[in-house]
Amino acid sequence: MYISDISIEGYKNCNNKSTIKFNPGLNIVVGENASGKTTIIDAIRMVLREPEVKYITEDDFFKSFEREEEKKNICIDINLKKLTPEEKITFLSWCNADFDAELHLEVEKNPNFKGYYKKTIWGGKSKSSAFEEDTFNFIDTIYLPALRNAEEKLTNGKKSRLALLLKHQYDEKEREEELVKAFSDFNEAVISNKEGKYEELSKTKKDINAAMRDSMGSVFGQSINLQFSESTFSSILQNIKMVFFPHIGDVDNKKFRDIAINSLGYNNLLYIATVFAELEIVNKNNSLFTVLLIEEPEAHLHPQIQSKLIKYLKQMTDDKKNLQIIVTTHSSVIASSVSIDSIIHIVGSNEGIESTKISDFGLSDSEKNYLNRWMDITKSTMLFSKGIILVEGICEAMILPALAPKVLKSYNEKSEIKLPSTLEEAGVTVVNINGINFKYFYPLFADLEGRGKDRLPIRCSGITDKDPLPETIKDENGKDKSIEVFPIESDSIESGNEAAKLCDVINETNYSRLFVSPLKTFEYDLAMNNNFSLMAETIKDNWSKGDEKKEGVKKECLRIKDKGNKYENDDERSGDAKYILKHIDSNDLGKGVFSQFLLEKIEAGNDINVPEYIQEAIIWACGGNCDEV
C-alpha cells in the first residue's frame, strides 16, 4: 500500500482544505520557501505517530496575515490505497467500503487547563467506529529533519540514532541478555579488582570514601562505588559511539577518528546511512508498510553525492514495494536526477497549499523521455521559479535579462499594479530549450490536448521565431527556385515554424503564452526595431582583423552604425538587418560571442529598443497584463 493523498485544514499555512497527492515509491516535493513542504511532512508525521513528532502548540493553528480570523480545528486526513490481501486484514478497522484505508486526525482549538490540545484519531469513514491502536505497530515512519545535527544523532546518548539501530538488531531477548552479562562481567572484574590488576581504581574508591567519612562522619556520610555505566541493555547501547575513517573498507582501529572532527557533509552521510541500515532491519521485521520522510537531503552535500543519493533512494523503492519515500528539496540537482513523474510541485498561498502531481498530466512516453533527458541541473531550476521564459537559443537567453529592467520600468510607470524591477527579483528563470521543441515543454504548464485540467501553476512565456516560408521565384532557366525571405512590417508573412501553430491553444490557457516574432528571427527583429547602429557597432568592434574581406565587413558595419538608425525606405532597413543577421551567425563571430558583447554594451548604458513581443513575454512571466505593454 502507499499514501495516495493527504488533506490538511487549519494547520500552519492551510486555512482551507489542501490536498496533496503522492505516487507509490519515490516522491520529490519541490517548491519555494514557505510553500508548505514542512507542513506536509509534519502532518504525515502526526497522523502516523512518528516517534519524535512534537506536541501541537498554539502556533500550529492557522493564522491569517491579512485579517483577524478565528482559529479552526486542525483536521488531517490520509488515504492509503492498493492494499495487499494481508494489509486489508491487518488494517480492516481503517478501511472503507472499497478497502482503501483512511486515517483521520482532529485537534481541537481549545486547550485544556494544562495547555494541551485534545487530539482525536480514527480510521475508516466513521469517527465512532472501532479503532485499534495496535495497528500502528505495523507501520514504521522514519523521519530525517532538514536542519539535522548529524553529530549529535550519531554520538552516544539517549537520542542516539546508532543506539536505535543497534536495538533493532537484537530481535531475541536471549541475545540482549548475553550482551548485558558480558558487559556486567567485564565491569565487575575491573571495578572489583579481583585479580589485583586495577589498583588505581580501587585506591580512588577508597580515597573518596575515606574523605567522605572523615569530613561528614558515619551519620551524615555516604559510600560510593565506581563503575563504567549502568549494565542495562539500553544504557550499554547508548554508550557505544561511532568513529570514522575516510576510506571504505579500512579495518585498522588505530586509524579511526571521532566523528566530532569529521566534515558536516560526511557526518550527514553517515547519519543517513545509519537510517538506511535501520530501514533494512525494519523491513525484515513486523512492519507491513514503511514511510521514509526526508527534508532537504542536499544539506552539506556536493552535487555528485546528491545525485547518487537520490538514485539510491529510487533503487530502494524499486526493490521494496512496501516502502514509500517522500523527499522535500530546494536542490535542482535532485530534481534533475529523477524521472519527472516522481515530482510533486507545490505553491503556497494565503489560504493553503496548491499541489500538482506531474504524473497526473498524462504526458506521452515521448514527452516524458524527452523531458527526462533534457532536464539537467540548470533547466530543472524552472520547477522552483515563479515564472519562466522559454527561448530558442543562446542569444535570447543572454540578452533578455538585460532587457527586462527597461521593460519593467516602462510597465510600472503606466500600470497601477507594480511588478518587480528585474527578472531575478521576480523569480523568473530564462530557459534555453535549444530549438523549437516547445511541444515537449508546454504540457507541463498548459493542457494542449484536453488530457487533464491540472498543470504547474507557474506563468510561462515562450518566445519563438516567425521563420517565414521561403519565396519561390523563377531562375534564369525558368525553373522554380526558393529564396530566403527578409520581410518588412507591411509584408504578409506565412510562418514556417511548426511551434507557432501552438499559439491559439496555448494563449487560451491560464498560465501560458507563446509569443512569435512578427518578422523573422530574434536577431533580425531586434535590428528592425531601430537597433541597427548598436548591433552593427557590436559586430565591428569584435570582428577579427585580417584580409581585405574581413576589413570590408568592419567598414560596412561602420557605415550602418553611422546612419544612426535613420533610413529613407524599408528596403534599406531590411537590407541592413539581413547583413547584421548574416554576420552574427557567421563562423567569424557566432551568436554566443555576439550576445556576450552586446550584453556588455547594454550593461554599459547603451540604449536599446525592445520589440513588443519581447516586452509582452517579459511582462507575462513576471505576472503582469500584456494588454498594458
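Why does Ser332 count as buried? Its relative accessibility is 15%, so Ser332 falls in the buried class, where buried means under 20% relative accessible area, exposed over 50%, and partly exposed in between, with a 1.4 Å probe and protein chains only.

Before going on, a word on the model. It is predicted, so local features need pLDDT of at least 70 and side-chain atom pairs count only at pLDDT 80 or more, while totals for chains, interfaces and linings use all residues. Numbering runs from 1 along each chain as its sequence is written, and side-chain values use heavy atoms, with hydrogens and water left out.

Back to Ser332. It sits in helix α10, residues 332-336; helices (H or I, at least four residues) and strands (E, at least two) are DSSP runs, numbered from the N terminus. Leu383 is 51 residues from Ser332 in sequence, with 8.1 Å between the C-alpha atoms.

Now the chain as a whole. There are 20 helices and 19 strands. Of the 629 residues, 48% are buried. Taking contacts (heavy atoms within 4.5 Å) between residues at least 6 apart in sequence, 73% join residues at least 24 apart.

Next, the cores. A nonpolar core is a set of buried Ala, Val, Leu, Ile, Met, Phe, Trp, Tyr and Cys residues joined through side-chain atoms within 4.5 Å. The largest has 55 residues, and Leu292, Leu313, Ile358, Trp374, Leu390 and Leu444 touch the most other members. Apart from that core lies another, of 54 residues, including Leu400, Phe522, Leu598 and Tyr613.
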